[in-house]
Amino acid sequence: MAKSKSSKQWLQEHFSDKYVKNSQQQGYRARSAYKLIEIIDKYDLLNGVYSVVDLGAAPGGWCQVVKEKSSNDLTIVGLDLLPIEAIEGVHFIQGDFTDDEVYQSLLNVLKGDKINLVLSDMAPNLSGVSATDQPKSMYLAELALDFCRQSLEPGGSHVVKLFQGEGFDGHIQALRQSFQRVVIIKPDSSRSRSREVFAVSMGFKES
């Protein structure tokens, strides 16, 4: 099948992207690694961290970054619907985070221990229709926040990808109720046309 003009344009843009080129040269599995690198460096998120959960982890780029940039012997657990090629020292769970059994599997791996950092790069399968995509995206963000409330230790941090639109302001307010500090960042490696931003929440409050 012949490629459409738009798909050819996307491919050309993708392979000329400096972050795509950098990820290939530096061995990261996805250009999104640079989003997390910028966030970690700016807010010193790995200082003192010993346990991290990465939701929406495929293909594993964020787990690579955490493992590479931490000086501690970390527990790292990644979860995604898609299979993820193994990374030494990272425990992967394949499954749907919205599924109760998969959620329980994650809790079982943690063995009841509290964690320091919850990362969420989760996004729904996008249809291109904002009226349906946005609520699905916010639902995943709410689930990630619920997980934080159950599993983060006091003082812990949370990074979540959000799309600006309906429900965004309400979710930021919910984050501020649970964390001492919440900032919004659009990393340099985020494409300018994308509505994605990242909420970085620090200082989880004891409930």
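Let's start at Phe-97: setting aside neighbours within four places in sequence, Phe-97 is in contact (heavy atoms within 4.5 Å) with Leu-55, Leu-79, Val-102, Tyr-103, Leu-106, Met-122, Leu-143, Ala-144 and Phe-147. This is a predicted model, where local features need pLDDT of at least 70 and side-chain atom pairs count only at pLDDT 80 or more, while totals for chains, interfaces and linings use all residues. Residues are numbered from 1 along each chain as its sequence is written, and side-chain values use heavy atoms, with hydrogens and water left out.

Phe-97 is also among the residues with the most contacts inside the largest nonpolar core, which has 34 residues. Such a core is a set of buried Ala, Val, Leu, Ile, Met, Phe, Trp, Tyr and Cys residues joined through side-chain atoms within 4.5 Å; buried means under 20% relative accessible area, exposed over 50% and partly exposed in between (1.4 Å probe, protein chains only). Helix α6 gives this core its largest share, eight residues.

Now follow α6 (residues 130–151) to helix α7 (residues 168–178): they pack at an angle of about 5°, axes 11 Å apart. Helices here are DSSP runs (H or I, at least four residues), strands likewise (E, at least two), numbered from the N terminus. Axes are lines fitted to C-alpha atoms, for helices over the stretch in contact, and angles run from 0 to 180 degrees between N-to-C directions.

Turn to α7 itself, whose buried residues are Phe-168, His-171, Ile-172, Ala-174, Leu-175 and Ser-178. Their cover includes α6, β5 (152–163), β6 (179–185) and β7 (196–204). On the face turned away from that buried side, α7 carries the exposed Asp-169 and Gln-177.
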